[in-house]
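A reader new to a structure may wish to know on what grounds its features receive their names. The questions and answers below take up such terms in turn.

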Amino acid sequence: IPSQINEYRFFIERSCDFVRDIPALSNDFSKVAKFKLVIMELLTNAMKHCRKESYLVIEKSFSEIIVKKIDNGPRFLFADFHTNKQYILPFTDAELDMEINALLANNNKMNLRVNNKNSIEFLAPEEIVYHSIFEIPEHFGLLIIRQCVDSLYYHYDERTEENIFEVTFKL
């Protein structure tokens, strides 16, 4: 992931080049636009929150494209909207298999599911229709990403102390 903003555009273009030969994606403007927007949001996230090295891994198979943003920055932190309890991975056994209405940055909320002690899934929000560009949350990349992809996960690797945001595009 580029460390300088002047490298940002080149990096986005190279990431989009990776999927140009996949007709299920490249022949659908809406899907290409969403892919590019997700790459932009993951880059923005990396530049804003990761003070250390971060990188993207793009994997393609017959049925899906998976993009992972991996870094060694601070772990993902959130609060339960209803109880205000703070959470940071890894979870305890008592916290497994929960769905939480998570309170994130700027008092934005997202529903998520705890999959295991080191993994959460951001659940699909109800469809949001914006009537103006000014209604789109400026500082809420996770919601923007989740609206563009088929799945969004956060994993914490205790061994390497890496944060992994993983998105999936079904083809």
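This is a predicted model: local features need pLDDT of at least 70, side-chain atom pairs count only at pLDDT 80 or more; totals for chains, interfaces and linings use all residues.

Q: What makes up the secondary structure of the chain, and in which order do the elements run?
A: The chain has four helices and nine strands. Starting at the N terminus, the order is α-α-α-β-β-β-β-β-β-β-α-β-β.

Q: Why is the chain called as compact as a globular protein of its length?
A: The globule rule gives 16 Å for 171 residues, and the radius of gyration of the chain is 16 Å, close to that value; the chain is therefore as compact as a globular protein of that length. Along the principal axes, the C-alpha trace spans about 45 × 40 × 35 Å.

Q: How many of the 171 residues count as buried, and what share of the accessible surface belongs to carbon and sulfur atoms?
A: Of the 171 residues, 42% count as buried. The accessible surface comes to about 10,100 Å², and 51% of this area belongs to carbon and sulfur atoms.

Q: What makes the pair of F76 and F122 edge-to-face?
A: Ring centres within 6.5 Å make a pair, and planes over 60 degrees apart make it edge-to-face. The rings of F76 and F122 are 5.7 Å apart, centre to centre, with 75° between the planes, and the pair is thus edge-to-face. F76 lies in the loop between β2 (64-71) and β3 (77-80), whereas F122 belongs to strand β7 (residues 119-122), so the pair ties together parts that are 46 residues apart in sequence. Both residues are buried.

Q: Why is the pair of Y87 and F91 called tilted?
A: Planes under 30 degrees apart would count as stacked and those over 60 as edge-to-face, the rest being tilted. For Y87 and F91 the angle between the planes is 50°, with 5.9 Å from centre to centre, and the pair is tilted.

Q: How do you know whether Y87 and F91 are buried or exposed?
A: Buried means under 20% relative accessible area. Y87 has a relative accessible area of 6% and is therefore buried; F91, at 4%, counts as buried too.

Q: Which residues form one aromatic cluster, and how many aromatic pairs does the whole structure hold?
A: The cluster is formed by F76, F78, Y87, F91, F122, Y154 and F165. A search of the whole structure finds nine aromatic pairs.

Q: Why does S151 count as buried, and which residues is S151 in contact with beyond its neighbours within four places in sequence?
A: The cut-off for buried is under 20%, and S151 has 10% relative accessibility, so S151 counts as buried. S151 is found in strand β8 (residues 151-157). Its contacts, leaving aside the neighbours within four places in sequence, are R146, E166, V167 and T168.

Q: Which form, cis or trans, has the peptide bond from L89 to P90?
A: Most peptide bonds are trans. The bond from L89 to P90 is cis, with omega near 5°. P90 is placed in the loop between β4 (86-88) and β5 (99-103).

Technical notes:
Residues are numbered from 1 along each chain as its sequence is written. Side-chain values use heavy atoms; hydrogens and water are left out. Helices (H or I, at least four residues) and strands (E, at least two) are DSSP runs, numbered from the N terminus. The radius of gyration is taken over C-alpha atoms; the globule rule is 2.2 Å times the number of residues to the power 0.38. Buried means under 20% relative accessible area, exposed over 50%, partly exposed in between (1.4 Å probe, protein chains only). Accessible areas come from the Shrake-Rupley method with a 1.4 Å probe; for residues, only the protein chains shown count as cover. Rings of Phe, Tyr and Trp (its six-membered ring) pair if their centres lie within 6.5 Å; planes under 30 degrees apart count as stacked, over 60 as edge-to-face and the rest as tilted. Contact means heavy atoms within 4.5 Å.
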